[in-house]
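Visitor: I have just opened this one and would like a careful walk through it. Could you take my questions as they come?
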Amino acid sequence: MSINLTIPSRDLHNTAVIDGDTNELLFEIDTPAGFGSRTTTITDPIGKVVGVYERRLGADRVTVRGRTMKLGEWMPSTSVFTRCVFLL
């Protein structure tokens, strides 16, 4: 089974994720602008927080389904370039 996702904004830090077949909102992604540590929040269509990504110098953390872990634990990688999209 595959899902056709649509992201209507070029700003991947602040956008919606939409089912491209039904135009149904799946998630909203919100990252406040600013310097230093930033936190990205992902909410479902009713506004419930389903994920959080916290950028911290040398210790990025992800919280998914109530479980907090280091980014490398959640998304193991053998190369820094595998995860570079999160560092933008």
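Visitor: Where is Thr43 found, and what does Thr43 touch?
Guide: Thr43 is found in strand β4. Leaving aside residues up to four places away in sequence, Thr43 touches Leu26, Phe27 and Glu28, and also Lys48, Val49 and Val50. One of these, Val49, is the bridge partner of Thr43 in β5.

Visitor: How many bridges pair β4 with β5?
Guide: Strand β4, which covers residues 39-43, pairs with strand β5, residues 49-54, over 5 bridges and in the antiparallel sense. Within that pairing Ile42 stands opposite Gly51 in β5. The two strands form a hairpin with 5 residues between them, and there Gly47 takes a positive phi near 90°.

Visitor: Which strand is joined to β7, and by how many bridges?
Guide: Strand β6, residues 61-64, is joined to strand β7, residues 67-70, by 4 bridges, and these strands run antiparallel. As one of the details of this pairing, Thr63 has Thr68 as its bridge partner in β7. β6 and β7 form a hairpin with 2 residues between them, and Arg65 lies in the turn.

Visitor: What is the phi of Arg65?
Guide: The phi of Arg65 is near 55°, which is a positive value in a residue other than glycine. For background, most residues other than glycine have a negative phi. Arg65 sits in the loop between β6 and β7, and it counts as exposed because its relative accessibility is 82%, where the cut-off for exposed is over 50%.

Visitor: Which loop holds Asn23, and what is its phi?
Guide: Asn23 lies in the loop between β2 (15-19) and β3 (25-30). Asn23 is not a glycine, yet it has a positive phi of about 60°. With a relative accessibility of 64%, Asn23 counts as exposed.

Visitor: Changing topic, how many salt bridges does the structure hold?
Guide: The structure holds 2 salt bridges, and Glu54, Arg56 and Arg61 are linked in a network of them. In one, the side chains of Arg56 and Glu54 meet at 3.1 Å, N to O. In another, Arg61 pairs with Glu54, and the closest N and O atoms are 3.1 Å apart.

Visitor: Is Glu54 buried or exposed?
Guide: Glu54 counts as buried, at 13% relative accessibility. Arg56, by contrast, is partly exposed, with a relative accessible area of 37%, and Arg61 is partly exposed too, with 30%.

Visitor: What does Asp30 touch?
Guide: Asp30, which is found in strand β3, touches His13, Asn14, Thr39, Thr40 and Thr41, again not counting residues up to four places away in sequence. Asp30 counts as partly exposed, at 44% relative accessibility. The C-alpha atoms of Asp30 and Leu12 are separated by 8.9 Å, and these residues are 18 apart along the chain.

Visitor: Last topic: where in the chain is confidence lowest and where is it highest, element by element?
Guide: Confidence is lowest in helix α1, residues 71-74, at a mean of 81, and highest in β3, at 93. The chain as a whole averages a pLDDT of 81, and 83% of the residues score at least 70.

Visitor: Over which residues does pLDDT stay under 50?
Guide: That is the case over residues 84-88, for which the model has 9 contacts beyond four places in sequence. Where pLDDT is low, the predicted coordinates should not be read in detail.

Note on methods. Residues are numbered from 1 along each chain as its sequence is written. This is a predicted model: local features need pLDDT of at least 70, side-chain atom pairs count only at pLDDT 80 or more; totals for chains, interfaces and linings use all residues. Side-chain values use heavy atoms; hydrogens and water are left out. Two strands pair if DSSP finds at least two bridges between them. Contact means heavy atoms within 4.5 Å. Buried means under 20% relative accessible area, exposed over 50%, partly exposed in between (1.4 Å probe, protein chains only). pLDDT is the predictor's confidence in each residue, from 0 to 100. A salt bridge is a side-chain nitrogen of Lys or Arg within 4 Å of a carboxyl oxygen of Asp or Glu.
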